[in-house]
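Subject: Structure handover

Hi,

Here is the structure we discussed. Please open it alongside this note; the findings follow below.

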Amino acid sequence: MSKNTDGKFWAAARKHLIRYGGSFEPAIIERAAGSFVYDADDRPILDFTSGQMSALLGHSHPRIVSTVTRQVGQVAHLFSGMLSRPVVELAERLAALAPGLDRVMLLSTGAESNEAAIRMAKLVTGKHEIVAFSKSWHGMTGAAASATYSAGRKGYGPATVGSLAIPAPNSFRPRFKHADGSLDWRTELDDAFDLVDSQSTGSLAAFVAEPILSSGGILELPQGYLAALQQKCHERGMLLILDEAQTGIGRTGDMFAFQRDGVTPDILTLSKTIGAGLPLSAVMTTADIEDAAHEKGFLFYTTHVSDPLPAAVGLAVLDVVEEEHLVERARHMGARLFDGLSRLKQRYECVGDVRGRGLLLGVEIVKDGKQPDHALGATIAAEAFRRGLSMNIVKLPGMGGVFRIAPPLTISEQELDLGLRIIAESIEASLAASAPGIAAE
C-alpha cells in the first residue's frame, strides 16, 4: 500500500487546514532535490513549475543550503530600522542589473511588493486610479488584489476605489484583427485607453502589468506593446509598474523581460525567482521617484522589510545565475522546450497553442479548433502527475485549460526530454480514455 494514502495525515489535513484554492495533489511530499520532488513512497515527480514558479535554481541547491545555514547562524532578522551588509549589497547588485532603477526596497512576497509599488505610485502622483489587465494576477492583499482580474474578485465586497481594467492582448484569440487574422494590438490598446479615459475621474496614477500574464494563461505582450503602453501612461501622467514576479532573474532569456523591449519601467517589482523558493521580493524605482516619495512621507513598515537572511539568499541566487550562465541557458533550454511542445501541437489537435518565452511557456488545450477544453486539460494534468510530472493548469472563463510550464533554469536536457515524453504519453492516455471502448494504459 502506498504511504501517500496515510489516513491519519489526510484526516488531520481535512480537519485543521484552511483551504485556500483548488484541491491538494494526492501525494505527501517528503523532500525535494534538483528538478524533482519526492513523495512518501520516494517516487520522483518532475517539477515543471519550479514549486510555485519560484525555485529558479531547482530544489535544495547547494549554494542556497549553505547560504541559509551560514546566514542564520550570523543574523537572520533585525529591527526594521537596522541595516546589514547583505541588504545593501543586494540592493547594489540589483541596481546594477537594471540601470536607472537605483533605489531598492526588500520585502517578502509578490503581493507585498506590488502593494508597496501601488502605494508609492499613488503618493508620488497624488492620484488614486490604478489600471491593470483583465487577466492579471498581482497578489491577494488589498490594492494588489484589486488589480487582480483573473480570479478571486467575487464575494469580498468592493474593490479599491479607482480600480480599472483593459483587455489583455491575446494572439490566440484576438479581439482586433489585421486582414490576415493576426492580432491588431495597437488598435486594441487605443480602444482600451479610450475606455479608460471615459471611466477615469482624472486621477490616473499607474498601470501595473506583467510582461507575460502567467495566471492569465501565459499571454505575452507582443513586441512593441510595452513601449506603446509606457507612452500611453506618460501622456496621462501615470507611472508604469512592471510586475516581474515570474519573468525576472533570467527566466525569459533576459535578466528582466522588459529588457527585450528596451523599456525601463518607473517601478519594477520582483519576487518568486529572486528568492529561489524562499520569501524574498523587491521594489525598484528611480532616484527621483524615491526622493519624491520620501519627501511626502512614504510609509511601508513590515515585519520582514530588509531582513538579512533572505537578502543573503538573493545574493546567492544572483551569483549562481551569473556563474552558471543561467540567462543564456534559459534561452537555449527554452528553445528546446518550445520545439518539443510545438511538435506536440502538430501531432495532437487538442494542443491549440504553444506560447511564451524562455523557460516560461504555455500549452493551451482545446476542442473543435479554439474552444476551451477544461475537462481534457484536467485529465491530462492528473494523468501526468500519475506518471511522475507536475504541471500547473490555469482554468479561466473564456479560455482553454492552459498548462504553465516553468521548470528550474538548472534543468538538464534529459529531464526536459523526460517531461516532454510524459506530456505526450499523458495526452495519448487521456485521449484514449475519452474514446468509447478504449481504456488508457
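Start at Ile249. Leaving aside residues up to four places away in sequence, Ile249 touches Leu56, Met255, Phe256, Leu270, Thr273, Ile274, Val317, Leu318, Val321 and Leu409. Bear in mind that this is a predicted model.

Ile249 belongs to the largest nonpolar core, which has 90 residues. Ile249 is also among the residues with the most contacts inside that core, together with Phe48, Phe133, Ile166, Phe207, Leu229 and Leu341. Helix α10 (residues 308–323) supplies the largest share, eight residues.

Now the charged pairs. The count is 24 salt bridges. One of them joins the side chains of Glu220 and Arg357, at 2.6 Å from N to O. Glu220 sits in strand β9 (residues 219–220) and Arg357 in strand β13 (residues 351–357), so the pair ties together parts that are 137 residues apart in sequence. Arg357 has 11% relative accessibility and counts as buried, because the cut-off for buried is under 20%.

Arg355 pairs with Glu364; their closest N and O atoms are 2.8 Å apart. Both Arg355 and Glu364 are buried. The two also take part in a network of salt bridges that links them with Arg173, Lys345 and Asp353.

One more pair to look at: Glu383 and Arg387. Their side chains meet in a salt bridge, 2.7 Å from N to O. Glu383, at 12% relative accessibility, counts as buried.

Best wishes

Methods:
Residues numbered from 1 in each chain as written. Predicted model: local features only at pLDDT ≥ 70, side-chain atom pairs only at ≥ 80, totals over all residues. Heavy atoms only, no water. Salt bridge = Lys/Arg side-chain N within 4 Å of Asp/Glu carboxyl O. Helix = DSSP H or I, 4+ residues; strand = E, 2+ residues; numbered from the N terminus. Buried < 20%, exposed > 50% of the residue type's maximum accessible area, 1.4 Å probe, protein only. Core = buried A, V, L, I, M, F, W, Y, C linked by side-chain atoms within 4.5 Å. Contact = heavy atoms within 4.5 Å.
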